[in-house]
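Please report on the ring pairs, strands and nonpolar cores of this structure. Keep the account brief and give the cut-offs.

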Amino acid sequence: MTLLSLSNIGVAFGATELFKNVTFTVAEGERWGIIGRNGAGKTSIFKLITGELEPTVGSVARKPGLRHALLDQHRAFEGAATVWEAGAAAWRDVIALEKRIAEQAIALSDMGERVTDAFLERFGHDQEHFADLGGYIYHARVDAVLQGLGFDAEESKTRLVSTLSGGERGRVGLAAQLIAPADLLLLDEPTNHLDLDTTSWLQEWLNEANETVIVVSHDRAFMDAICSHILHVEARTSEWYRGNYSQFVPQRAERRLSRERELEKQRAYVKKEEEYIRRNIAGVNSFQAKGKRKRLERLPRLAPPPGDPAAMDLKFEIAERGGDQVVAVEDLRVEVPGRVLVEDVTAVLRRNDFVALIGPNGAGKSSFISTIVGDREPAAGKVKIGGSVSPAWFRQDLGDLPLRKSLYDAIQDQRPLWNRGQIQNCLGAFGFSGDEVQREIGTLSGGERARVALALMTLAHANLLILDEPTNHLDVENIEALEDALDDYEGSVLLVSHDRAFLREVATRVWAFDGTRLEDFDGPFVEWEEARERSAARS
C-alpha cells in the first residue's frame, strides 16, 4: 500500500529555486535513506512530507489519515516532568483515559448496588476504547524503547527531564518518536547521540518492527543495515535508487557514466549535423540543410550529469617524523567529582597507529583525551607524550574556534606570511569561496565550523591527530574525503567516533572502555567487532 507520493515537486522562494522535479513513492514497510550534501535541502523534503512546506509546483499525495512521527528539534517535552512521561508523550490521551478508567473503577466499587446502567455502559465503552487505542501494550513499548536507548525504564519514571544532558535529551526525543503510534517515522540524523550499542539496538528495532521509515543520515553503516531505498539529493533535484547505501554507490556511478556517454554521443551528432548545415546551407543541398537545422532546433538537449560543489580537498602533512612511542600511559586513573572514569590503564600508542577510542556515552572518552593532552590532571598514574610529538586536537564541541574572527583572519593568524590568494585557495579547498571568507565563524553552521576546524588542523602539520567525533557534522561526501586524507597521513591518530563505517575504514587498533577498564585490542576495528560478536555468542 502506498503511504506517500511526491510527484514532480518544485519549490521556489521568489527567484530562488530550492527544488525541481523531485519524484518518489513510499510504500508501507519500506525504509528510505535521504542523503546529500549539507544544505542540499534534505530537511525541506521532510517539511514537504509533513505539509509544513507547500510545493510551488507538483503534488504531494498522502494516504488518508497518515500519521507521522517527527523528532521535536526543540526537545522542550512540554507537559512532561519525567523521562518516562517525555517518552510516552504521544500517548497522553491514552494515559488520561487510563486514569479516568481507574477513577471509574474506584467509583464503581463505592457505588455497589447503586450503580446505574448508564455508568456501566460508559465504563465498558471507555475500556473498549482504551483497548482499541493500544492501552494494554503502550507501557511495555515505552519501557522497551527507553531501555534500548540507554535509560533504566524504572528509574526513568522518577528521573526529571530537567536533569538530562543535551545528548540524553536527543535520545529521549528519539524514544518519543519510536514509541508514538505512527504509520511513518521521519528520522533526522537519529544516530548522532547514540553509541555503538544503542545504534545496533535501533537497527534491530526498526528491522524487527518493519516500520515504514524515512531517515536523513550520514551514517553509512546504519543505512546499509536498514535501508531498502536511497533518495539522493543533489543539484536542486533528486534521484531514487533501490537498495541500501553500498548498493546505491555503484548504481549512481553507472548512471553517471551512462549519462556522460549519451551526452558525448549527442554532442558528436550535433557537431556533425552543424558542420553539414554550415557547408550546405547556401549550396545545392540547401533544402536538406534547412531541414536538418529545424530538426536540431527541436532536439531536446541532454544536460550534463548533475553535481554539487566538490567535497573538501584536505591533506594532513607532518612537519617531522616524531618518535616511535607517541603516547605512553602508565597506571592511569581519571576521575570526575564522585566518579572514577577509568583506572589502572597502561598502554602505548605507537607511530602510525590509528587508535579508535570507543565506549558507551558517558564513559569518559573526552575526559580521557583531555588527560592525555594535558588539559586535565590525572588522579593517579602518568601520561607521557613522546619526544618530537606535536599533537593537533579536533574537539567534539568545536569550542576552540575563534568565533568572533572571520574565516580569512583565522587562517591568516596561522599563516601571517600568506598573501590573499593563498588564504582564499586554502579556504576554497574546504568549500568557502568569494565573500564567504569574510563571514564570522560564529555565524557558521555546525558542518561549516567542522570544515574550518579541519582546515586549521591541516596547517598545524602535526604528527599526532586527536579526533573527537570528527564526522558528527559532516555529510557523507566530506566524511569520505576525510577518510582519503587519513589514508595518506603519515602520522598517528587517536580517534573517538560512533561512525562504524568510518572506524572500519581507518582504525588499525582499538582501545575499548569496559566499565573503568580499558581493553587494548591490537587489531583493526573490523576484527574487534568480529571478536566481540564471538564473545557475545559464547556468553
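## Aromatic pairs

Phe24, Trp32 and Trp240 are linked into a cluster by ring pairs. The model is predicted, so local features need pLDDT of at least 70 and side-chain atom pairs count only at pLDDT 80 or more, while totals for chains, interfaces and linings use all residues. Residues are numbered from 1 along each chain as its sequence is written, and side-chain values use heavy atoms, with hydrogens and water left out.

Rings of Phe, Tyr and Trp (its six-membered ring) pair if their centres lie within 6.5 Å; planes under 30 degrees apart are stacked, over 60 edge-to-face, and the rest tilted. This rule gives 13 aromatic pairs. Two of the pairs are set out here.

| Pair | Centre to centre | Between planes | Class |
|---|---|---|---|
| Phe24 and Trp32 | 5.4 Å | 45° | tilted |
| Tyr245 and Phe248 | 5.6 Å | 50° | tilted |

Buried means under 20% relative accessible area, exposed over 50%, and partly exposed in between (1.4 Å probe, protein chains only). Phe24 is buried, at 2% relative accessibility. Trp32 is buried, at 2%. Tyr245 and Phe248 are both buried. These two lie 3 residues apart in helix α9 (residues 245–280), so about one helical turn separates them. Helices (H or I, at least four residues) and strands (E, at least two) are DSSP runs, numbered from the N terminus.

Charges also meet rings. A charge sits over a ring if NZ of Lys or CZ of Arg is within 6 Å of the ring centre and within 35 degrees of the ring normal. Arg171 places its charged end over the ring of Phe151, 4.7 Å from the centre.

## Strands

Which residues of β8 point one way, and which the other way? His229, Leu231 and Val233 point one way; Ile230, His232 and Glu234 point the other way, and all are buried. With 6 of its 6 residues buried, strand β8 (residues 229–234) is largely enclosed by the rest of the structure.

Two strands pair if DSSP finds at least two bridges between them. Strand β3 (residues 31–36) runs parallel to β8, joined by 5 bridges. Here Trp32 has His229 as its bridge partner. Strand β9 (residues 237–242) pairs with β8 in the antiparallel sense over 6 bridges. There Leu231 is partnered by Trp240. The hairpin of β8 and β9 has 2 residues between the strands, and Ala235 takes a positive phi near 50°.

Strand β1 (residues 2–13) pairs with β4 over 5 bridges. Gly10 stands opposite Val57 of β4.

## Nonpolar cores

A nonpolar core is a set of buried Ala, Val, Leu, Ile, Met, Phe, Trp, Tyr and Cys residues joined through side-chain atoms within 4.5 Å. The largest has 53 residues; Leu314, Phe316, Ile358, Leu454, Leu465 and Leu486 have the most contacts inside it. Helix α14 (residues 446–460) gives the most to this core, with 8 residues. Another core lies apart from it, with 48 residues, among them Leu97, Val172, Leu206 and Ile226.

Contact means heavy atoms within 4.5 Å. Beyond neighbours within four places in sequence, the contacts of Leu314 include Phe430, Leu454 and Thr458.
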